Structure formats: C-alpha cells, structure tokens
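Please look at how aromatic rings pair in this structure. Which rings meet, and how are they arranged?

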Amino acid sequence: MSAEPGDDRAAVTQADAPCPSLAEAMAAHNAGRVDEAAALYERLLEVEPDNPDALNLLAVIEKDAGRLERAASLARRAAAYLAHPYILGHLAEILSAKGETAEAEAALRQGLELAPENVQLLSQRLDLLAAQDRLAEAEVVNARLLTLQPQRADILNNLGAFAHARGAVDLAEVHYRAALAADPGHRDAHHNLSRVHLDRRELEACEAVCREALALAPDHPQSLRDLGDVLLFQERWAEAWPYYEHRLSQVTVSESFRPPRWQGEDLGGGTLIIVCEQGLGDSLQFVRYASWVRGRGAGRVVVAAEPALTRILALADGVDEVVALDALPMEASAWIPMMSLPLVHGLTLERVGELLPLGLPYLRLPASPGAGATPRAPDGPLRVGLFWAGGHHTLPRLISRTDDQRSLDLGQVLPLMLAPELDGRVAWTLLQRDRRPPYLDDLARRMGWRDPFASDAAAPPGDLLDTAWIIQDLDLVIGVDSALIHLSGALNTPTWMLDRATPCWRWGRDRPQSDWYPGALTIFRQTVSGDWDGVIRAVRAALRARVGADAGPPG
C-alpha cells in the first residue's frame, strides 16, 4: 500500500515494511520541513532505488517546487514499481500540470480500474475531461460522483454547470440552488447562480444573489466582480466601476515592475503605461483614452499589448509606443490597467456624451502597402465585409459559453449572402479568420467572394493592422460582437453588429445605436434568445433598402 504524508496510510506502510528512514522523511514532510524531507528521501533512494513511497513523495515535493520534469520521472518510476491508486493519482496530477493529458488520463483509468469508487481519482478525471471540453464524458463521471456523495455541494454545482453549458438555464438554476442548500457559503454556486439570472437579464435577482454572497464573504473577489458586472448591465456605471476593479486578480505584471498605480493625478510630463487586459476588442475600445491621458499631463503614453495589437494600437491618437506585455519599461512614472481608465475618468452613462472621448476615427491608418482604399464607383456594388463567429475561446465550455452565444455558423448567414435581390448589388468580402468550414474556400471561389483568409491566399492578413487595411476598403462591415466590431467602429466604418439577446453590458439593453461608436455602429439584436434567423431577416431587409433593391434589379 502506498504512503502519503499526513494520512493513516503511512502507518500501514510502516507496519508492513518498517523503514526508519522512510518514517523519518515522512515526519519531516508532515511537519513542513520540505528540504529536510527531500534530502532524506534522496538518501533512502540511494539504498532502495525502487522504493515506491519514497519516489512518490519526492515527486510530490518536486512538483510543488515547479520541477515538473523530475517530478514526472520520479512518479513514473513509482507507478512502475507499485501501481497503487494514490501513486497513479499523483502521476496524473503531475502529467496534467505538464500538459501531457493523454498519459495523465491513462494513469487515471488505470487507477480507477483498481479502485472504481475512489473519489479523488474520479474528481481528477472530471477536471481533466472538463479542461478538454469533453463535457459529455465529464458529466458521466460527475454522475458517478453524485451516487457516492449525493449531498456534496461542488458535485451539485457541477450538475448546474453542465446544464448551463447545454443552454438548459432553468435546470442549471435548480442544481445551483441545491448546491447552496447543501453549502450556503459555496462561492462558485453563488457566482454561477448570478450568471443564470444575468443570462435571463433578471438584473434585480442577479444583484440580490451577488449581495447575498458578499454578506457571507465580504472580501470575495469573484462576488465583488459579479456585482460590478450586474451594475454595468443595469447601466449604473458610477456604482459599478469600483466593484469592477476586483477583476484585477486576473491582471498581473512582473514583480520587478515598480511604478505606482495611476489614480488620475496630473502626471507632470511623465510617462504613463497603459496595460492591456481581457480581449482584443477591449483594448481596441479603450485605447481611445490615450488622448484623454495626454490632457492629464502625460508627456509620453506607452501601451503594453499582445502581438496581434502591436501595430494597430501604435496608430491610436495619443499613443507614443506599444511594447510587449512582458517588456514593460521600468522608468515609467505610473501605470494603469486599461479597463480601469473609465473609473479614473469618472465616466457615467448620464454624462457619456460629455465625458467619453468620442472622436472617430481614433485609429489613423497609414497608406496600405498594397493598392490601398479605392472609392466605389457610383453604379458599382456595395462592398460589404462579413464575419459570423468570434475567435476560438480559450476556456472550456464548462466555464465560458460567450463565443457559442455570440457566434453563428456559415449556414446561418448564407441566406443573406445568397439573397437573389442582392446579387450584383453587394460584393462580399469574408473577414472570418478561423472557425471556417472546410468547404468555404471552394464556395467563395465559385461565388466570386473576396476571401483574404482563404487557406491558399498568397498573403493572408497577419495581424489587426492588415485586417484594418481591408476594412478601410469597404463600405460596410457586418459581424458579431468581437474585436473586428471594435476595429471597424474605431475606424469609423459603417458597421452593423449581429447581437445575442443577452448582450455585453457595453451595448446597452435596448438601444440600436452605440454610445461608444456614435454614427458608425448599428445593432441588430435577437428578440428571442438563440433566434439568429430573425436577426438575419432584419439585416437582409436593411441591406436591401441600403442598396435600393426594393426599387428593382440593378441597371
């Protein structure tokens, strides 16, 4: 039987095979004297190189120290000498940390063959499957856990999360409430229940859940962030921004980065670093504040961004330089996370027209290295760019369903692109970079659509500046809530956004126009959740009117 520090399995091992060196090492390990324990395990392995307990426990120490390669080597040796469920569980944990999911899953399967009702191994397998977005398999494992521990709050919360991921919001609420009945302080269940109410736009109920969670744990960052989110949705921006600051647990900078956090004081000609966060679209939307920062005494404004944004953000009004997120200049006077700028600015919905830096465009493109923008001939077709899906999400569906909710598939937009009344009146440009069906290249060629992201394109766009040059050559952009909407709006290109029934807070609840891109952005929103057909019909009618198709065939 395998030994683990801090549990009574160690006593069984010692009784079966007395080994003072192992007992001494485990005593040091249990007492937190990790370096001493590691040295003792090493000494023991010099004498007994195949001791599975020493190998296993030394692997745990190596993993905790971040030395994953050696930890995996030790754990594999331990499992080879003794295929015990707990050793296999440690091996799987280490392999998962290294990203070797296939071998980790094999170790868990082997452990569960030996101990089918081992809750720890089942929980590890559940996490592994969920992280790979294999939700159907994960739900089966969670059901097995429920039979073993029917009142365990995290298992009940998982049931809700699985239902939520399938879009069964009402069922999800039942499970989240069951989790809270089992454990009224379960933070994840409070968070998830608030998201159910947010999905249904039950904003008062959502706020009540957030405040209930905060009554139990006043300093819980996620609950504070949740309250900030719902206040933003309620358009209570002045109240929301301070709570929204609790997202900053997700914003990290190097420990060696010493400039103070900017609070809005006059910078006296110094350098301010604005650190991008969240999605590409957020950065494109809020970089407009660089020009406002100039008025607060900034002599130099540096933006830290990811590579896809480097060239395009350098063209924003007020930006002097764009650097990599891992290359922040140390000599700055102050820094601020980009999404904290509205708080410092004091932005409220009531004064948005007065306070928001509204000048469009605020991204000013140089001449394209290609042909550049060309005016549309008076009798030529309307040049329309189209994209129907956001980028691939990086979080498992169990955690985030945003991309699925906001995205369509190609089949849902084809009735617009193939509308006979638009033939000859609209020239389509496909702006969809990924999530492309395999037949799209051939279809675009046959239909004569411009497709810069085709798999055989000679020079596909490399970053958002390349895409901006394409947009600059268009008369209209149509797409879903994603970075390209912000890019098109910031360029002051007429833009029609296809939006879900439960939109992001920044688009408002009912207005078809946008305060952020006034005059440029029009919103076509679902009236029933999931009903994209109605949105496409509305866009088709608007486009037909735009090109004059109601007046008859093109001349």
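## Ring pairs overall

The model is predicted. Across the whole structure, a search finds 12 aromatic pairs. A pair of aromatic rings is described by the distance of the centres and the angle of the planes.

## Trp237 and Trp241

One of these pairs joins Trp237 and Trp241. Their ring centres are 6.0 Å apart, with 55° between the planes. The pair is tilted, because an angle has to be over 60 degrees to count as edge-to-face and under 30 to count as stacked.

Both residues sit in helix α15, which spans residues 237-244. They are four residues apart, so about one helical turn separates them. Trp237 is buried, at 4% relative accessible area. Trp241 is buried too, at 3%.

## Trp237 and Trp505

Trp237 also pairs with Trp505. The centres lie 6.0 Å apart and the planes meet at 85°, so this pair is edge-to-face.

Which residues do the ring pairs link into a cluster with Trp237? Trp241, Tyr244, Trp262, Phe286, Tyr289, Trp292, Trp505 and Trp516 join Trp237 there.

## A charge over a ring

Arg288 lies over the face of Tyr517. Its distance from the ring centre is 5.0 Å.

How values were computed. Residues numbered from 1 in each chain as written. Predicted model: local features only at pLDDT ≥ 70, side-chain atom pairs only at ≥ 80, totals over all residues. Heavy atoms only, no water. Phe/Tyr/Trp six-rings, centres within 6.5 Å; stacked < 30°, edge-to-face > 60°. Helix = DSSP H or I, 4+ residues; strand = E, 2+ residues; numbered from the N terminus. Buried < 20%, exposed > 50% of the residue type's maximum accessible area, 1.4 Å probe, protein only. Lys NZ or Arg CZ within 6 Å of the ring centre and 35° of its normal.
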